[in-house]
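Please look over the sequence and the model shown below before reading on.

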Amino acid sequence: MTAPTPHPAGSVPARPRIVVVGFGPVAARFVDELRPAAAAGALELTVVGEEELPAYNRVLVADLGVGRTTLAAMALADPEELEADGVRVLTGTRAVRVDRSRRTVRLADGTGLAYERLVLATGARAVVPNLTGLNPDPLHPVLPPGVTALRDAHDAARLASAVRGRRRIVVLGGGVLGLEAALAASEEGATVTVVHHGSHPLGRAIDAAGGATLAAALRRRGVRVAGNARSTGLETGPDGAFRALLLEDGSAVDADLLVLACGARPRTELAEGVGLAVGPGVLVDEGLRALHTEHVFAVGDCAQPGERAPSGLIAPGWQQADWLAARFRSEFLGEAAPAPLGPERAPVILLKARGVNLAVAGEVGVEPWDTFSPENAPAASGPPPLQVSLWSDPEHGAYVKMATRAGVLVGFVALGMPRAAAELTLLFESGAELPADRSVILRLDGPEAALAGGPSASAAPDPEAMLCRCAGVSRGRVQEAVGTGCSTVEEVSRRTRAGTGCGGCRDGVRELIEEHFAAAAA
């Protein structure tokens, strides 16, 4: 690696230098979208990744740990292809400092990279709780043997070893990633216990009745659930390896592996070190430019546009990457400027596991009879009151709640009802009104709908309907890819990016492939 050629402040070289710090899913998307400009020689593009591996889908780390996917299938970038298009790829390289006055990124080996535009895509790191036996320093966490998070391929390898040995695993945290890992590991033969603080899993996202139904569904799938449990420390053996999780009530959960699933925190240390404005994430304006700077931008989990903290979801990060790359292409290739980046939509939280299907979003805390309280009475000004419809079948792990204002869906929970969940997700994201007869939604998962191929079997499905929400890929685009030769989910993913995010659409992609080839064989 050579040191950058210095240039006077304010001058611009013949080919502007763009440096991207971070090489996760969002950075990979940004780099891929900017490749045409690099290939055309309109700019110099360098991406710096701290991991030895090029970008891969971190959302699927738990699936990798239980053997349901491979690193090859998770890959989001090919360094050789990028290099062929003029993109410089530096993996296993850590950026330690930014010199804004000289517009230089300093690397751990002492060399530097000059830039005209710096894009921070540093992502987030796992939260390490302050427990006896753990070092909570976010920059230098020290995890004893037998303790891991679910952030990278090394973590997946530790989980894989425990699953292969059918060992005892305790998952600390009741969030989506922890629950998906727990369900998958249990199904593959491990003994799994989930320990969480609140009264029910997903306590910050789901209502009490839905959370209780979810906890019961987890137990039916073989996962032990310890709610209202506050952890205090770790018990280790003579070799220093983890042996048990200690709880505040004096009890302990014995296990061979502790999986920390306590959330993630944006990596902002590089931005803080150079004096950028930082909240939970790097503060950026409507153009994703770091506040009070001209040449530094941030995207993904480390970026905070507006007052809302980064969501940690992959879809908003990809939208930011697409938009910023389009803006740069407009400047350097003369393409049309993109429309202003709209506000981030309220997220739909999805839990995808065999036997447990959950979607939840928006305002779900209100209960049906609360809608008749004085606080919810219609006012002369302000929003209409909330109305709630609810259906519950705890014995079979099914639960649906729909909250509306003037008929428009503003929040929902759908557990154990996959077709209802899909329909409610579409209605929520489009801001559409619910049918006056709410039971229509429930009947989507009924036996009649299943035998008929779904409620819309008589009408052709809308090709413009969104199939992959993370990557923004429509049903019709997937059908087109299948019709032009893609015969596996992986081939469709490479062609369209569908299925490269949370993975929730992969079954839908598989169904379209099967439908295509069944029709061809008929």
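G189 is partly exposed, with a relative accessible area of 23%, where buried means under 20% relative accessible area, exposed means over 50%, and partly exposed lies in between, using a 1.4 Å probe and protein chains only. The loop that holds G189 runs between α6 (176-187) and β11 (191-195); helices (H or I, at least four residues) and strands (E, at least two) are DSSP runs, numbered from the N terminus. Between the C-alpha atoms of G189 and E491, which are 302 residues apart along the chain, the separation is 30 Å.

This is a predicted model, in which local features need pLDDT of at least 70 and side-chain atom pairs count only at pLDDT 80 or more, while totals for chains, interfaces and linings use all residues. Residues are numbered from 1 along each chain as its sequence is written, and side-chain values use heavy atoms, with hydrogens and water left out.

**Other loop positions**

A277 is also partly exposed, at 23% relative accessible area, and its place is in the loop between α8 (269-273) and β18 (282-284). Leaving aside neighbours within four places in sequence, A277 is in contact (heavy atoms within 4.5 Å) with V282, L283 and L291.

| Residue | Loop between | Relative accessible area |
|---|---|---|
| A40 | α1 (25-39) and β2 (44-48) | 56% |
| N228 | β12 (224-226) and β13 (231-236) | 57% |
| A406 | β24 (398-405) and β25 (408-415) | 55% |

For A40, the C-alpha atom is separated by 8.6 Å from that of G86, a residue 46 places away along the chain. As background, most residues other than glycine have a negative phi.

**Helices and a strand**

E33 lies in helix α1 and, at 19% relative accessibility, counts as buried. Not counting residues up to four places away in sequence, E33 touches D322, A325, R329 and R497.

Helix α13 covers residues 475-483, and its buried residues are R475, G476, V478, A481 and V482. After α13 comes G485, whose phi is positive, near 120°.

Apart from neighbours within four places in sequence, L409 is in contact with M402, A403, T404, L424, L427, F428, A432 and L434. The C-alpha atoms of L409 and G431 are separated by 6.6 Å, with the two residues 22 apart along the chain.

**Cysteines**

A disulfide is a covalent bond between the sulfur atoms of two cysteines, and here a disulfide is counted as a pair of cysteine sulfur atoms within 2.5 Å. By this rule the count for the model comes to zero disulfides. C302 is buried, with a relative accessible area of 0%, and C486 is buried too, at 3% relative accessibility.

**The protein as a whole**

The protein has 15 helices and 27 strands, and 48% of its 522 residues count as buried. Its radius of gyration is 24 Å, which agrees with the value near 24 Å that a compact globule of 522 residues would have; this radius is taken over C-alpha atoms, and the globule rule is 2.2 Å times the number of residues to the power 0.38. Along the principal axes, the C-alpha trace spans about 70 × 65 × 60 Å.

Among contacts between residues at least 6 apart in sequence, 60% join residues at least 24 apart. The protein exposes about 24200 Å², of which carbon and sulfur atoms supply 52%, and accessible areas come from the Shrake-Rupley method with a 1.4 Å probe, where for residues only the protein chains shown count as cover.
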